Amino acid sequence: MNAEDSMSIRSRAMAALIRATGDDPARLGLTGTPERAARAHAELFDGYDINPQALLAKAMEPADGYAGLVLVRGIRLYSHCEHHMLPMEGLVHVGYLPDSHLLGLSKVARAIEVLTRQLQGQERLTREIADIIEKVAHPKGVAVAVVARHHCITERGVRQTDSDTVTVVTRGTLDSNPGLRRDFLGLCGLAG
Ligand SMILES: [Zn+2]
């Protein structure tokens, strides 16, 4: 589908949603709203046309003797759940133990952003981040933790406003070595 088609489908859908809420998309205050909402929607879901793995692979450098844990903490997460299309927001923490190569730190954040600009599930997102880091950098170990609030839980249904969800995926030495795993969780503020 070309960009023009997808934008007109989005605009029509937004106008239909406004009508379904009981409002009138033709009233003065809503002039241009379906089109603006369509552009915002397109921006929030622009992660489908970019390959995050290729993006990450562009910014590798030799480890140059560094063999310690690399931790990128507190990467902002803003995505939409695939069950309700409602926002989920929180933080992503990524750790890896390099082998021969280091990852570009800003590209890690950018690759995660690409994955969040799709309809997502927190468990799948956590796994997909670990997958692309493994495939690109072949580290000795990788760990990903995601802490997120889901609006489908906090703002509707059970309205558990203080509840958040934590998901952790560990691979390689960050999985098999309990000390390293504990170090990662502790440095992310997730150790019990
Ligand atoms: Zn949901």
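User: Contact means heavy atoms within 4.5 Å, so how much of the contact set between residues at least 6 apart in sequence joins residues at least 24 apart?

Analyst: That comes to 69% of those contacts in the chain. Before we go on, this is a predicted model, where local features need pLDDT of at least 70 and side-chain atom pairs count only at pLDDT 80 or more, while totals for chains, interfaces and linings use all residues. Residues are numbered from 1 along each chain as its sequence is written, and side-chain values use heavy atoms, with hydrogens and water left out.

User: Okay. How many helices and strands does the chain have?

Analyst: There are 8 helices and 7 strands. Both are DSSP runs numbered from the N terminus: helices are H or I with at least four residues, strands are E with at least two.

User: And what box do the C-alpha atoms fill?

Analyst: Roughly 65 × 40 × 20 Å, taken along the principal axes. The accessible surface of the chain is about 10,600 Å², and 52% of that belongs to carbon and sulfur atoms. Those areas come from the Shrake-Rupley method with a 1.4 Å probe, and for residues only the protein chains shown count as cover.

User: How many of the 192 residues count as buried?

Analyst: 41% of them. Buried means under 20% relative accessible area, exposed means over 50%, and partly exposed is in between, with a 1.4 Å probe and protein chains only.

User: What domain does UniProt place on this chain?

Analyst: An unreviewed UniProt entry has "domain: GTP cyclohydrolase I" at residues 12–187. UniProt positions are in the numbering used here, feature names are shortened, and annotations may be inferred rather than shown by experiment. Over residues 12–187 the chain is 42% helix and 28% strand, with the end C-alpha atoms 47 Å apart.

User: Let's do the sheet. What's the strand order?

Analyst: β5-β2-β3-β6-β7, an open sheet of 5 strands with mixed pairing. The edges are β5 (119–120) and β7 (165–172), each pairing on one side only. Two strands pair if DSSP finds at least two bridges between them.

User: How does β2 join β3, parallel or antiparallel?

Analyst: Antiparallel, over 9 bridges. The β2 and β3 hairpin has 5 residues between the strands, and M85 takes a positive phi near 60° in it.

User: What about β2 and β5, parallel or antiparallel?

Analyst: Parallel, with 2 bridges. C81 has Q120 in β5 as its bridge partner.

User: And how many bridges between β3 and β6?

Analyst: 10, in the antiparallel sense, between residues 87–97 of β3 and 141–150 of β6. H93 stands opposite A145 of β6.

User: Which strands does helix α8 lie across?

Analyst: α8 (residues 178–187) lies across β2 (70–81), β3, β6 and β7, at about 140° to β3. The axes are lines fitted to C-alpha atoms, for helices over the stretch in contact, and angles run from 0 to 180 degrees between N-to-C directions.

User: Switching to the metal: which protein donors does the zinc ion have?

Analyst: C81 (SG), H84 (ND1) and C152 (SG), at 2.2 to 2.3 Å from the zinc ion. Donors are N, O and S atoms within 2.8 Å of the metal (3.2 Å for Na, K and Ca), and sites may look incomplete because water is not among the atoms. The spacing along the chain is C-x2-H-x67-C.

User: Where does UniProt place the "binding site" feature?

Analyst: The unreviewed entry puts it at C81, H84 and C152. They span 72 residues in sequence, yet no two of their C-alpha atoms are more than 8.2 Å apart, so they gather at one spot.

User: Is C81 buried or exposed?

Analyst: C81 is buried, at 4% relative accessibility, and sits in strand β2. Not counting residues up to four places away in sequence, C81 touches L86, M88, L119, Q120, H150 and C152.

User: And what about H84 and C152?

Analyst: H84 is partly exposed at 38%, whereas C152 is buried at 11%. C152 is in helix α6 (residues 151–154), and beyond four places in sequence C152 touches C81, H84 and L86.

User: Last one: where is T154 placed?

Analyst: Also in helix α6, and T154 is buried, with a relative accessible area of 4%. Leaving aside neighbours within four places, T154 is in contact with R149, R159, Q160, T161 and S163. T154 and M88 are 66 residues apart in sequence and 9.8 Å apart in space, C-alpha to C-alpha.

Note on methods
Contact = heavy atoms within 4.5 Å.
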